[in-house]
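Have the structure open as you read.

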Amino acid sequence: MEILQPDSWGEALELKAAHPEAVPIAGGTDLMVELNFDRIRPPAILDLERIAELGEWGPDEGRLRVGAGVTYTRLIAELADRLPGLAIASRTVGSPQIRNRGTVGGNLGTSSPAGDGLPPLFAGDAEVEVASIGGSRRIPVQEFVTGPKRNCLRPDELIAAFRIAPADGPQQFAKIGTRNAMVIAVCSLALDVSREQRTVTACIGSAGPTPIRAADAERFIAGVLDEHGLWDSPAPISDAALTRFGELVELAARPINDVRGTAAYRHHALRVLARRTLKWAWDELRGEGS
């Protein structure tokens, strides 16, 4: 196995063009598992650890541009005020050692429906910035992830960053696992409440071939909030509306039975998570939450 170690982003793109079969590695928290279990044996590895640009983040055209190499630990420490939902999800990832190495860019590259970093990106309508020696392009995250562990990245492209609007309202993330820590999600849910846009967005994780936006649930709760004037005079959302929101989130899921849980359990859990996260977020908007 050949190890390629570029010192700059331009060199990395040139090496990827010359060796399209090379598998990129940054944190390695996904890739090393595949290698250790001999599930893959690529002819070449492209080590991106030395590329400083991938660890940078900052404002860009009214959004945040977060480099693909920014770790979960840094997301929590540096971006929790701007991207609280993604920070909450980052806190649920693995152990401190994994969070010190793992990245949302790696979650995007792996494209697993169980990736904890993906539902907040879907709920926030993020874009994925990819690049090659021929230039760069931005792809809506819903179009980037095409199936379980599949995406639309071309053989000569690398993930440079993701771009997402900073939160203008409460965000939540919750997941169910077979234990309290260091666990792959049985199912998860990200929620984004935007008072400016007057929208509530919700994305399901680990209960379908890709993360799934719960579009019917989003439309339903937006209608409830508009009809009752709750955006302008925030009052508690009724139990009936919370229950119906949970039911519609559940209906959006497409889970399977696997070693982590049954489809029936995932349906039930998502109904509960939807009610809880919406209530938590709305209480926060009303000034009653943490």
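## Secondary structure and overall form

The protein chain holds 11 helices and 14 strands, as seen in a predicted model. Its C-alpha trace spans about 60 × 45 × 30 Å along the principal axes.

How does the radius of gyration fit a compact globule? For 290 residues such a globule would come out near 19 Å, and the chain has 19 Å, so the two agree. As for contacts between residues at least 6 apart in sequence, 63% of them join residues at least 24 apart.

## Inside the protein

In soluble globular proteins, nonpolar side chains tend to be buried together. Here the largest nonpolar core has 44 residues, and the members that touch the most others are Trp9, Val66, Leu75, Leu108, Leu121, Phe144 and Phe162. Which strand gives the most to this core? That is strand S10, residues 158–164, with five residues.

Leaving aside neighbours within four places in sequence, Phe162 is in contact with Leu64, Arg65, Val66, Leu86, Val104, Leu108, Leu121, Glu127 and Val128. Apart from this core lies another, of 34 residues, with Val224, Ala241, Leu248 and Ala269 among them.

Note on methods:
Residues are numbered from 1 along each chain as its sequence is written. This is a predicted model: local features need pLDDT of at least 70, side-chain atom pairs count only at pLDDT 80 or more; totals for chains, interfaces and linings use all residues. Side-chain values use heavy atoms; hydrogens and water are left out. Helices (H or I, at least four residues) and strands (E, at least two) are DSSP runs, numbered from the N terminus. The radius of gyration is taken over C-alpha atoms; the globule rule is 2.2 Å times the number of residues to the power 0.38. Contact means heavy atoms within 4.5 Å. A nonpolar core is a set of buried Ala, Val, Leu, Ile, Met, Phe, Trp, Tyr and Cys residues joined through side-chain atoms within 4.5 Å. Buried means under 20% relative accessible area, exposed over 50%, partly exposed in between (1.4 Å probe, protein chains only).
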